[in-house]
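Here is a short briefing to read alongside the model. Please keep the 3D view open as you go through the points.

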Amino acid sequence: MAFNRTLKGKPKAVGSRIVVLGATVCAIALLFLLSSVVFTTDSPKSQYIKYSSKDNKYLYWGTRIDCPGKHCGSCEGLGHQESSLRCALEEAAYLRRTFVMPSRMCINPIHNKKGILHRSTNATSEDQWAASSCAMDSLYDAELMSETIPVIFDNSKEWYKVLSTSMKLGARGVAHVAGVSRVELKENNQYSDLLLINRTASPLSWFMECKDRNNRSAIMLPYSFLPSMASKKLKDAAEKIKAQLGDYDAIHVRRGDKIKTRKDRFGVSRTLHPHLDRDTRPEFIRCRIAKWVAPGRTLFIASNERTPGFFSPLSVRYRLAYSSNYSHIIDPVIENNYQLFMIERLILTGAKRFIKTFKEDETDLSLSDDPKKNTKKWQIPVYDGDDTC
């Protein structure tokens with residue numbers, strides 16, 4: 001269930017409508033009754049959020065990550081969407097509110113090779129959305145997440161109970177806001193006393209609301225938060241693979257979209273990461289990691305490189321392992337590449353030494369010295385350098 005977002009311009013609080021059709025009242029009353037039953041059951045997923053109109057207040061950003069906005073008809077990759085979701089969760093933590101999390105996450109077809117995206121020209125927009133998305137609880141453990149920031153899903157009976165209660169509260173129930181800072185939402189009683197805040201986030205991306213993200217002191221949730229919240233079945237699969245790997249090191253090799261080039265007006269190929277194509281080739285990887293990874297070690301490789309046997313030259317020094325070596329563990333568990341990447345990410349971070357593609361923190365080991373974030377400066381790729389070691 002989603003709100004109609006018609007409020008634009010100067011932000012203000014909007015009370016619920018006073019006049020409600022009799023049929024709507026009956027429907028809401030029924031939902032209220034049904035949702036109250038949920039909290040008397042023994043279902044684990046209904047117990048981690050104990051609803052109380054006196055204790056809990058809620059924050060809702062929308063039914064889809066980065067929507068409304070330019071990503072409603074499509075979506076970005078998992079990392080982009082996680083940045084947006086983390087931003088929303090940060091605001092919920094700051095406001096001390098329960099976050100109403102979208103029950104599904106859009107899957108970018110570029111990042112999916114598992115074949116679950118069945119498109120039909122006759123399908124409705126909602127059917128197409130269902131076919132190009134996956135259940136959020138297939139990716140994340142909401143119960144575990146709620147130990148840090150309470151969350152409920154927007155398809156849960158708990159959420160419908162909140163909606164019905166907000167309507168009963170009238171002007172004290174809900175505010176529809178856009179362009180309001182989180183500080184004002186917390187300190188202004190016009191918003192802070194309400195049961196539900198319905199925010200319209202930046203139409204560019206949700207994470208634009210976290211404008212101070214480059215200021216480390218302003219970040220409430222670390223990058224590692226959502227990866228550590230992976231669903232139980234994904235964690236179990238990763239643990240089984242880690243047990244079979246034993247003592248191992250790991251590298252994440254980002255190629256694909258990051259090494260793409262385009263020609264300038266003189267026909268010269270340029271790229272945003274001039275050294276990356278060179279730095280992520282096996283001969284350069286071998287030299288780069290030699291000081292960190294001893295010969296004979298098991299080396300787990302996660303990469304978006306599609307060329308078969310691309311990393312085989314590294315086998316002269318290391319025992320190579322890929323997620324594809326453990327298909328008997330992974331295939332029964334995953335339905336899309338987001339789930340696969342989340343398993344690989346848990347394996348990478350469980351290694352004795354984890355070498356990233358780009359350095360994100362000062363203590364990180366990396367394959368390339370190119371910055372991960374580029375200022376849109378397209379440069380000529382560099383391929384020379386010493387690959388003998």
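Lys232 counts as exposed, because its relative accessibility is 57%, over the 50% cut-off. Please bear in mind that this is a predicted model.

**The Lys232 pair**

- Lys232 makes a salt bridge with Asp236, and their closest N and O atoms are 2.8 Å apart.
- Both residues belong to helix α9 (residues 232-245), where they sit four residues apart, about one turn of the helix.
- An α-helix has 3.6 residues a turn, so residues three or four places apart point the same way.
- Asp236 is partly exposed, with a relative accessible area of 34%.

**Helix α9 as a whole**

- The 14 residues of α9 should span 20 Å at 1.5 Å a residue, and this agrees with its end C-alpha atoms, which are 20 Å apart.
- Which residues of α9 are buried? They are Leu234, Ala237, Ala238, Ile241 and Leu245.
- Viewed down the axis of α9, these buried residues fall within an arc of 95°, so they line one face of the helix.
- The face turned away from the buried side of α9 carries the exposed residues Lys232, Lys240 and Ala243.
- Cover for the buried residues of α9 includes β8, β11, β12, α12 (327-330) and α13 (337-349).
- Gly246 follows α9 and has a positive phi, near 75°.

**Salt bridges elsewhere**

- The count of salt bridges comes to 19.
- Glu305 pairs with Arg255 in a salt bridge whose closest N and O atoms are 2.6 Å apart.
- This pair links distant parts of the chain, 50 residues apart: Glu305 is in the loop between β11 (298-303) and β12 (319-321), and Arg255 is in the loop between β8 (248-253) and β9 (262-263).
- Glu305 counts as buried at 18% relative accessibility, and Arg255 is buried with a relative accessible area of 5%.
- Asp264 forms a salt bridge with Arg270, with the closest N and O atoms 2.8 Å apart; Arg270 is partly exposed, at a relative accessible area of 26%.
- A network of salt bridges links Glu91, Arg182, Arg199 and Glu209.

**A nonpolar surface patch**

- Phe266, Val268 and Ile380 make a nonpolar surface patch of about 300 Å².
- Ile380 lies in the segment after β14 (365-366) and is partly exposed, with a relative accessible area of 46%.

Definitions and conventions:
Residues numbered from 1 in each chain as written. Predicted model: local features only at pLDDT ≥ 70, side-chain atom pairs only at ≥ 80, totals over all residues. Heavy atoms only, no water. Salt bridge = Lys/Arg side-chain N within 4 Å of Asp/Glu carboxyl O. Helix = DSSP H or I, 4+ residues; strand = E, 2+ residues; numbered from the N terminus. Buried < 20%, exposed > 50% of the residue type's maximum accessible area, 1.4 Å probe, protein only. Patch = residues over 30% accessible without salt bridge, like charges linked within 9 Å, V, L, I, M, F, W, Y side chains within 5 Å. Areas by Shrake-Rupley, 256 points an atom, 1.4 Å probe, with all protein chains shown as cover. Expected span 1.5 Å × (residues − 1). Arc of directions from axis to C-beta. Contact = heavy atoms within 4.5 Å.
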